[in-house]
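Here is a short report on local geometry in two chains. Read it alongside the coordinates.

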Amino acid sequence: MTAPADQLAPAASGVREVRSVRLPGGRREPLALFMARVALPLLLLVLLVVFSLLRPATFFTLDNLGTVLTLQAVLGVLALGLLLPLIVGELDLSVAANLGLGVILVTGLTSQQRLPLVVAIVVAAVVCTLVGVVNGLLVTKVGINSFIVTIGMSTVIGGLVSAYTQGNVFYDGIPPALVTIGQGRLLGVPLPVVYAVVLAIVVWYVLSHTPVGRYLYAIGGSREAARLSGVPVRGLTLAAFAGAGLLAGVAGIVQAGILGSGNPTVGPPLLLPAYAAAFLGATAIQPGVFNVWGTIIAVVTIQVGTTGLALVGAPFWIEPVFTGLALILAVATARYLRGEAL
Amino acid sequence: MISPGRGPVPAAKTVTAPDQGSLPVLVARGLTKRYGHVTALDGTDLTLRRDEVLAVIGDNGAGKSTLIKCLSGAVVPDEGTIEVDGRRVAFRGPLDARAAGIETVYQHLAIAPARDIAANLYLGRELRRKGFAGWGLRLLDRKAMRANTRELLDSLGLLTIQSLDQAAETLSGGQRQGIAVARAAAFGSRVVIMDEPTAALGVKESRKVLDLILEIKNRGIPVILISHDMPHVFEVADRIHIQRLGRRIACVPTADITMPEAVALMTGASQPGPGHTQD
Ligand SMILES: Nc1ncnc2c1ncn2[C@@H]1O[C@H](COP(=O)(O)OP(=O)(O)OP(=O)(O)O)[C@@H](O)[C@H]1O
Ligand SMILES: [Mg+2]
C-alpha cells in the first residue's frame with residue numbers, strides 16, 4: 001500500500017494536522033479539545049433556553065432560579081470538598097455522612113443541649129474536620145486504602161448519628177438565626193448560593209493559583225514523582241481529607257439552616273450526586289482534570305435539567321435517569337473528544 | 001549556554017569558601033540500606049571531589065540507584081554517614097538534599113504525568129508573584145515560569161517540544177528525560193546526580209546530555225553519572241566508582257583503567273588490586 005507523499009509529510013515531521021481554535025491570549029488548541037471544554041456549559045445553555053421557551057411563565061423566573069440554585073448550593077459545597085481527595089487520587093465516601101453529622105450536630109447541640117448557635121457551629125465544623133483528619137491519618141500513616149477507610153467511617157458516623165438522635169428529627173428549639181443562615185438573602189441572592197460561590201472562588205484560587213494546588217494535582221498524577229520533587233505528600237493528602245471534612249461540615253450547617261430542622265436522613269443520599277458532579281465536572285473546562293468550575297457547572301446543569309423536566313411534566317423517575325445518563329454520556333463524550341485531541 | 005543569573009537558575013548558594021579548596025564536596029561512609037531480606041547497600045562508601053565527573057558503574061541490582069537515592073534524600077539509609085562540604089548531614093527527604101544544592105535525575109523519572117512542562121520544571125520550587133500577592137496570597141507567577149522554561153529549553157537545545165502546554169504524560173520517553181535533565185542542570189548548585197540520563201535518548205540527544213554534563217562540570221559543579229554505557233562513561237568521567245553487591249569495590253581515575261578491566265571488576269571476573277580503591 002502506498003500513500004501520497006503529501007499525506008506522509010505531516011506524520012514524518014511528527015505533527016498531526018488537527019483543526020484548532022485560537023484561545024484568548026493567542027494560544028491555539030485542537031478543536032476537539034476545545035469542544036470537550038465547552039460541551040457541558042453548552043448543554044446547560046441549551047437546557048436553559050429550551051425550558052424557558054417551553055415554560056416561559058415559570059422556568060425563567062427569579063424565584064424559580066433562586067430555588068434551583070439554593071437546592072444545589074449545599075451539593076455544590078459538598079462536591080467542592082470532595083474534589084480535594086479526588087485530586088490527590090483518593091476516594092472519600094464519608095463526605096455525605098459527614099454532612100449529615102454536621103446537620104445533626106448544629107441542630108441537636110442548639111435544640112437539645114441548648115448551646116449557643118456560634119458554639120454549635122464551631123463544634124460541628126471542628127468535628128467534621130476531625131472526621132477528615134482521622135480518614136487522612138488512617139490513609140497516610142496506617143496505609144489503609146481510602147475506599148475502605150471512608151466506607152468504614154461513613155458507617156460509623158451513621159451509627160453515631162442514630163445513637164444521638166434515637167431516630168428522631170429535631171424540630172423544636174432550632175435557633176431562628178440558623179434558619180436565617182440557610183434561608184436569608186443578600187441583595188436578593190439566597191445566602192447558600194453566596195456561600196457556594198465564595199467557597200468555589202477560594203478553592204479555585206488555591207487549586208489553580210498557588211503552589212499547594214499544583215502539589216495536590218502532582219500527588220494525584222504520581223505520588224512518587226511528587227515525593228521525589230520535594231512535595232510533602234503525606235501532609236497534603238491529610239490536608240485534602242481534612243478539607244473535605246471541613247467543607248462537608250459547612251455544607252451540613254447550611255443544610256440545617258435551609259431545612260430548619262435536624263433530620264438524620266438528609267446526608268447519605270447526597271453521596272452519589274456529589275460524585276456525579278465531580279466526575280461530570282471533570283469533563284468540562286479542563287477536561288480530564290477534577291476542577292472547580294466544571295464541578296459547579298455540573299451541579300447546576302443537573303439541577304436545571306431535573307427541575308426543567310419536572311416543570312414540563314415529566315414523571316418523577318425521569319430525574320435519576322437523567323442524572324445517570326448525563327454523567328455517563330458526558331464522560332464518554334469527553335473521552336472521545338480528548339482521545340481525538342491528544 | 002545556561003544563563004546562571006537569569007532564568008530558572010536561582011541565585012545559587014555557591015558555598016565556595018576558599019579553605020574548602022581540596023575538601024571533597026560529598027563523602028558517604030558505610031551506607032547500608034536493607035529492604036526486608038534484601039540488602040540493597042552493604043556499607044558502601046563514595047567520595048565526590050570538586051570539579052570532577054564521577055561515574056558510578058555496576059551490574060543491575062548492584063545498589064547504584066539506592067546509593068544515589070541516599071545522597072539525594074529520597075531514601076534514608078539504615079546506617080552510615082553523609083558529609084557535604086565536610087559537614088555531617090541527615091537528609092530526611094528530597095527537599096533537604098535540594099536545599100543543600102543537590103539535584104537529581106532519577107532513573108525512573110520524577111515527572112508529574114498530567115502537568116505541563118513548566119509545572120514540572122518548577123515542581124516543588126514554584127515562583128510566586130512579587131509583593132503581597134506572592135508571600136501573602138501565594139499567587140503563582142506562571143508567566144515568569146513559562147518564560148524561563150522556554151528560555152532554558154532553548155538554551156540547552158536538549159529537546160524539541162511543540163508546545164510548552166503539553167502534559168508530560170504525552171511527551172515521548174526521551175523528551176521526558178530531557179526535562180528531568182534540564183531541571184537538574186538548571187537548579188543544581190552544588191552537586192548534580194544523573195541516574196542513567198541517556199537510557200531513553202537518541203544518539204543526538206545523548207551527545208547533548210554528555211556535553212551538558214561537561215558544561216556543568218566547567219561551571220564548577222561536580223556531577224555523579226550512573227550509566228551502563230561504557231563509552232559514555234570513559235568519555236566524560238574523571239574517576240570511575242565501581243559498585244558490586246551493594247559495596248564500592250574500587251574507585252579509579254579513568255586514565256588508569258581500561259574498559260575491559262572496568263567491566264571485569266564490575267562483573268566480578270577479576271578482583272580489585274591494591275591500587276584500585278582511592279577516595
Ligand atoms: N524499594 C525497594 N524495595 C525492595 N527492594 C529494593 C527496593 N529498591 C531497591 N531494592 C533492591 O535493592 C537492590 C539494589 O537496587 P538498585 O535499584 O539500587 O540497583 P541498581 O544498581 O540501580 O540497578 P540497575 O542497574 O538495574 O538500575 C536490588 O536487589 C533491588 O531489588
Ligand atoms: Mg538503578
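The sections below cover conventions, a sheet in chain B and a tyrosine in chain A.

## Conventions

This is a predicted model: local features need pLDDT of at least 70, side-chain atom pairs count only at pLDDT 80 or more, and totals for chains, interfaces and linings use all residues. Residues are numbered from 1 along each chain as its sequence is written, chains are lettered from A and ligands numbered from 1 in the order written, and side-chain values use heavy atoms, without hydrogens and water.

## The sheet in chain B

Four strands of chain B make an open, antiparallel sheet, in the order E2-E1-E4-E5. Strands (E, at least two residues) and helices (H or I, at least four) are DSSP runs, numbered from the N terminus. Two strands pair if DSSP finds at least two bridges between them. E2 (38-48) and E5 (87-89) are the edge strands of chain B, each pairing on one side only. From one strand to the next, the twist averages 30°. Its axes are lines fitted to C-alpha atoms (for helices, over the stretch in contact), with angles from 0 to 180 degrees between N-to-C directions.

E1(B) (residues 26-35) runs antiparallel to E4(B), with five bridges. Ala28(B) has Ile82(B) in E4(B) as its bridge partner.

## The E4-E5 hairpin

E4(B) (residues 79-84) and E5(B) are antiparallel and share three bridges. Val84(B) is bridged to Arg87(B) in E5(B). Two residues separate the strands of this hairpin, and Asp85(B) in the turn has a positive phi of about 50°.

## Tyr336 in chain A

Tyr336(A) sits in helix H14 (residues 318-341) of chain A. Is Tyr336(A) buried or exposed? Tyr336(A) counts as exposed because its relative accessibility is 58%. The classes are buried under 20% relative accessible area, exposed over 50% and partly exposed in between (1.4 Å probe, protein chains only). Ala32(A) is 304 residues from Tyr336(A) along the chain, with 8.9 Å between their C-alpha atoms.
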